[in-house]
Every structure is written in C-alpha cells, then in structure tokens.
Amino acid sequence: MADPLVVVGVGGFGRETLDVVDAVNAAADAPVFDVLGVLDDAPSQVNLDRLAARGVPFLGGTDDLPARDGGVRYLVGVGSPRARRAIADRLEARGAIAATAVHPSVTSGYDVTIGAGSVVCAGVRLTTNISLGRHTHLNLNATVGHDTTVGDFVSVNPLASISGDCTIEDDVLIGVAGVILNGLTVGRGATVGGSACVVRDVPAGSTVKGVPAR
Ligand SMILES: CC(C)(COP(=O)(O)OP(=O)(O)OC[C@H]1O[C@@H](n2cnc3c(N)ncnc32)[C@H](O)[C@@H]1OP(=O)(O)O)[C@@H](O)C(=O)NCCC(=O)NCCS
C-alpha cells in the first residue's frame with residue numbers, strides 16, 4: 001500500500017519535490033506514495049495557484065499535519081538548510097516520519113547510502129562509496145564523486161559538482177554549478193556561491209564565491 005505523504009513547501013523546490021515523487025510513482029509497479037497534499041506556513045498566492053493547477057491539495061501550515069493510522073511520511077521541499085532543519089524538527093516532534101525520494105533517472109554506484117528525508121532530483125550522478133546524510137537535497141544534474149561524505153541538511157543546487165574524497169558538513173549550501181575540488185572539507189553551515197570553484201577547505205559558517213573561491 002502507498003505511504004501517505006505530505007510535502008512541506010509550496011515554493012519552487014516544494015513543487016520540484018512533487019515532481020520527483022510523481023516520477024517515483026510513475027516508475028513503480030504500484031504507487032509508492034499517496035500524496036495527501038502540501039503544508040506551508042507562509043504560502044504566496046501565486047504558488048498556491050500553481051499548486052492548485054496541478055491538482056495537489058494545500059493542507060495548511062505545519063500545525064495542520066494530517067493524521068493517518070501508521071503515521072504520515074513527509075519531505076521538506078525548502079532549500080534553506082536552516083529552515084529545513086527547523087521544519088523537520090517540528091514535524092518529527094509531531095510523529096511524522098521522514099520519507100526519501102530518489103528520481104528514477106539517478107545513477108549510483110557501489111555502497112551509496114542516502115539518509116531519510118533526502119530528495120535526489122533527476123540526472124544526479126553518485127559514484128561509489130558515498131554517504132548522504134538526513135534531509136539532503138541533491139538538485140538537478142548534481143554530481144558526487146567517490147568516497148565523499150555529505151552531512152545532514154545539506155543543499156546541493158543544480159549542476160554542482162562535488163569531487164572525490166570530500167567532506168561536506170551539516171547545513172552546507174552549495175550554489176548552482178559550484179565545484180568542490182577533491183579531498184576538501186566544507187565546514188558546517190558554510191555557503192558556496194553559484195559557479196564558485198572551491199580549491200581549499202572552507203571554514204564553518206563562512207560564505208565563499210568566485211574562482212578560486214574565497
Ligand atoms: C554567493 C552568495 C551566497 C552571496 O550572496 P550575498 O551575500 O547576498 O551576495 P550579494 O548579492 O549581496 O552580492 C555581494 C557581492 O558578491 C557578488 N556575488 C554574488 N554572488 C556571487 C557569485 N556566486 N560569484 C561571484 N560573485 C558573486 C556580487 O556581484 C556582489 O559584488 P559587488 O559587491 O562587487 O557588487 C549568492 O550570490 C549565491 O551565489 N548563492 C547561490 C544561489 C543559487 O545557487 N541559486 C540557485 C538556486 S536553485
């Protein structure tokens with residue numbers, strides 16, 4: 001039987017998360033997820049209209065988590081690592097269970113683990129011996145190389161490329177098309193700008209941009 005699922009976030013990545021869920025269901029012999037609807041504490045009208053147009057119900061704020069026998073699964077479709085962590089904590093406290101959605105076009109090699117709550121979008125390439133933490137977002141066409149560890153609540157934006165032997169700590173955001181060269185560590189809560197090329201370790205909590213990133 002399909003797992004009842006809510007997605008949090010009516011914005012862009014929330015609806016892209018719905019796309020991943022739809023693709024998972026379409027590729028399976030029987031639906032994996034029964035999408036109950038979307039939660040959002042501060043939805044804009046334009047995004048509510050976009051959601052309505054695709055026929056997915058808006059259920060209200062995160063206090064309006066629906067109840068089902070056996071529990072409700074959830075995915076947080078919010079790009080900000082810090083906001084995503086806060087929402088996940090709130091829903092877990094209410095008994096919601098993190099789901100995991102991996103688009104069927106994703107390729108992954110030997111010994112790849114993906115933490116609960118993660119959303120892995122179309123075209124992502126994961127090679128070998130990779131660990132992704134909880135609530136990780138790997139956006140369209142991102143790549144992760146061998147022997148790399150990605151922490152919890154990390155956001156990897158489209159086309160970003162994390163080389164082999166890297167450590168990406170919790171709550172990091174890697175901007176669109178950002179590159180992390182091999183063997184480097186991006187410290188907890190750091191932000192890597194779009195199109196940056198990271199050539200040395202990034203201190204926790206810092207923002208780096210440009211080529212080379214500084
Ligand atoms: C790096 C980043 C985090 C900086 O954000 P910010 O601190 O708000 O930066 P600002 O917009 O105030 O710009 C500050 C300066 O940095 C420059 N800058 C901003 N982003 C840059 C980037 N990615 N690379 C190089 N320079 C950048 C600006 O031109 C500006 O330069 P100036 O002071 O000479 O005018 C942000 O621009 C970024 O790249 N975020 C990633 C966005 C992303 O991935 N979007 C896709 C979503 S799917």
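Hi everyone, let's start with a contact between aspartate 170 and arginine 85: their side chains form a salt bridge at 3.9 Å, N to O. By salt bridge I mean a side-chain nitrogen of Lys or Arg within 4 Å of a carboxyl oxygen of Asp or Glu. Aspartate 170 sits in the loop between β17 (167-168) and β18 (173-174) and arginine 85 in helix α3, so this pair ties together parts 85 residues apart in sequence. Helices (H or I, at least four residues) and strands (E, at least two) are DSSP runs, numbered from the N terminus.

A word on the source: this is a predicted model, where local features need pLDDT of at least 70 and side-chain atom pairs count only at pLDDT 80 or more, while totals for chains, interfaces and linings use all residues. Residues are numbered from 1 along each chain as its sequence is written, and side-chain values use heavy atoms, with hydrogens and water left out.

Back to arginine 85, which is partly exposed at 22% relative accessible area; buried is under 20%, exposed over 50%, and partly exposed in between (1.4 Å probe, protein chains only). Which residues share its network of salt bridges? Arg85, Asp170, Asp171 and Arg188 are linked there.

Aspartate 41 and arginine 90 meet in a salt bridge at 2.9 Å, N to O. Aspartate 41 is in the loop between β2 (33-39) and α2 (45-53), and arginine 90 is in helix α3 (residues 81-93), 49 residues away. Arginine 90 is partly exposed, at 33%.

Finally, the structure holds 10 salt bridges, including one between aspartate 3 and arginine 73 at 3.9 Å, N to O. That pair links strand β1 (residues 3-8) with strand β4 (residues 73-76), 70 residues apart.
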